[in-house]
Amino acid sequence: MINRAFVRVLMTSAALAAGALLTGCNSDQVALATSAKANQPVPPKLVATIAEKDMDTQSPILVRVFKQEAELEVWKQDRSGKFALLKTYPICRWSGDLGPKVREGDRQAPEGFYSINPSQMNPQSAYYLSFNTGYPNAFDKALGRTGSQLMVHGDCSSRGCFAMTDEQIAEIYALGRESFFGGQRAFQFQAYPFRMTPMNMARHRNNPNMPFWRMIKEGYDHFEVTRQEPKVDFCEKKYVFNAQKPPGATHDPVFDAAAKCPAYVVPDEITTAVREKQQADEAEYAKLVAKGTPVAKLNTGIDGGMNPIFAARVPGASTGLSVPGEAPGLSLANFTPAPGTIPGHVNPPRAPTEDEVAAAPADSAPPPTTAPSARVAAVSAPDKPSFMSNLARKVGIASAETTATAKPAERTADSKTAEAKPTEGKPAPKPVAAKPAETKQAAARPPYKPAANEAPTTTGSASAQTQTALVSGAAPVLQSNSFDSRFAGFK
């Protein structure tokens, strides 16, 4: 009996070879088909869990992230057709504050609903493996928000991204890859400031981002009551969920994020279920406010967050904005041993200094963020589009937004290290003014060896001086690779 994996490799190689003929015989693209990182199988233990949950390995997935809890969830469609939670991954590092990304360079990780298609998967990432979140979407663009190359990647170091360990991103990447092989054209990526519970809404009720959070909570509620991926549209600079054409209409409504909303309806069964959930949430929210639930304070001096399971293994680490114990059913025991090794260069969130705490108002919220005027980052066009990117566009998978915003070099959008001269471990007088640590070449990292059961350890070679010299939450400077041609290694 011929090994199934071997057959798939042969089929992939044949497809890529045919694609090379169509794209000028780009031998580099064919060579990427042997990328070991991008072709790692789904771990046997996770395959067993998939079977136990009545799912198929290649069934569709959906991803949700929560900043405050520093958790990433992978949901997968079971044989009943509904999505069920497959696995929760602790996030190793994210940067910025609670709230949406507004402009290039603000260090914010995005919030909202995004779509991930095969052309956004990056097997040649400088941060082990990654996928592009698709920020900015049409809603972000309608508000003039800017930024690019916001990723979910490995390496546990973030500058506007969601950073996992290498072991974690290998597993998540494999799940996404298999869903594409199963026929899913794109999987949904939902990013939230926190779990949208009445308690969290009450704690952050004075935050200037609350109107935006209430808007995306509607999509959260649609998913919670249906366990189906909500259909997302934009009009009048707002999100619209599960819109359909009105009775008697001859064609589907056409949405434009900056234009007036067309006539549409939401199915009655969804409207009723969402309304009942929201009424129950509002009643609980009112009780919490009435009894004086404390308002979340301004986290002066803390940049982003880190899940407690990782912070516990990094000397002097802080979880940042993470609030221990709020995630239902989760504890440190759920992540023992820890899911992956932590590189020695990781710079965890730092606790605020006494001066910063004294200067912060007792019950203040972050200042309101205003949408800046539209600004486009200067980029150069990619030299050669990849076969998979071309194929995605030809079959209609790659969106116009993805195609228009693809860049030749991967970097986190907020990285400004190219303009600064790297230091050789010299401590800076103030963390906020520090220059990045010594340049780290991507090729210098050892190849990943699956070690899902290993507890993470801190690399001993990282000196205290190097840790001091890093900006809070900063990632090392890594060599860039062509982004638009990266997905050629996709099986």
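**Entry 1: strands E2 and E3.** I looked up the pairing of strand E2 (residues 71-77) with E3 in this predicted model. The two strands run antiparallel and are joined over seven bridges.

Entry 2: I traced the open sheet of five strands and noted the order E3-E2-E1-E10-E5, with mixed pairing. Strand E3 (83-90) and strand E5 (112-116) are the edge strands, each pairing on one side only.

Entry 3: I next followed H5, which lies across strand E1 (61-66), E2, E3, E5 and strand E10 (187-192). H5 runs at about 155° to E3.

**Entry 4: the nonpolar cores.** I listed the largest nonpolar core, which has 62 residues. Leu 72, Val 74, Phe 162, Phe 189 and Tyr 239 touch the most other members. Helix H5 (residues 166-181) gives the largest share of this core, seven residues. I also noted a second, separate core of nine residues, with Met 306, Ile 309, Val 314 and Val 346 among them.

**Entry 5: Leu 72.** I looked up the contacts of Leu 72, leaving aside its neighbours within four places in sequence. The residues in contact with Leu 72 are Val 63, Arg 64, Val 65, Lys 87, Thr 88, Tyr 89, Ile 91, Val 152, Met 164 and Ile 172.

Methods. Residues are numbered from 1 along each chain as its sequence is written. This is a predicted model: local features need pLDDT of at least 70, side-chain atom pairs count only at pLDDT 80 or more; totals for chains, interfaces and linings use all residues. Side-chain values use heavy atoms; hydrogens and water are left out. A nonpolar core is a set of buried Ala, Val, Leu, Ile, Met, Phe, Trp, Tyr and Cys residues joined through side-chain atoms within 4.5 Å. Buried means under 20% relative accessible area, exposed over 50%, partly exposed in between (1.4 Å probe, protein chains only). Helices (H or I, at least four residues) and strands (E, at least two) are DSSP runs, numbered from the N terminus. Contact means heavy atoms within 4.5 Å. Two strands pair if DSSP finds at least two bridges between them. Axes are lines fitted to C-alpha atoms, for helices over the stretch in contact, and angles run from 0 to 180 degrees between N-to-C directions.
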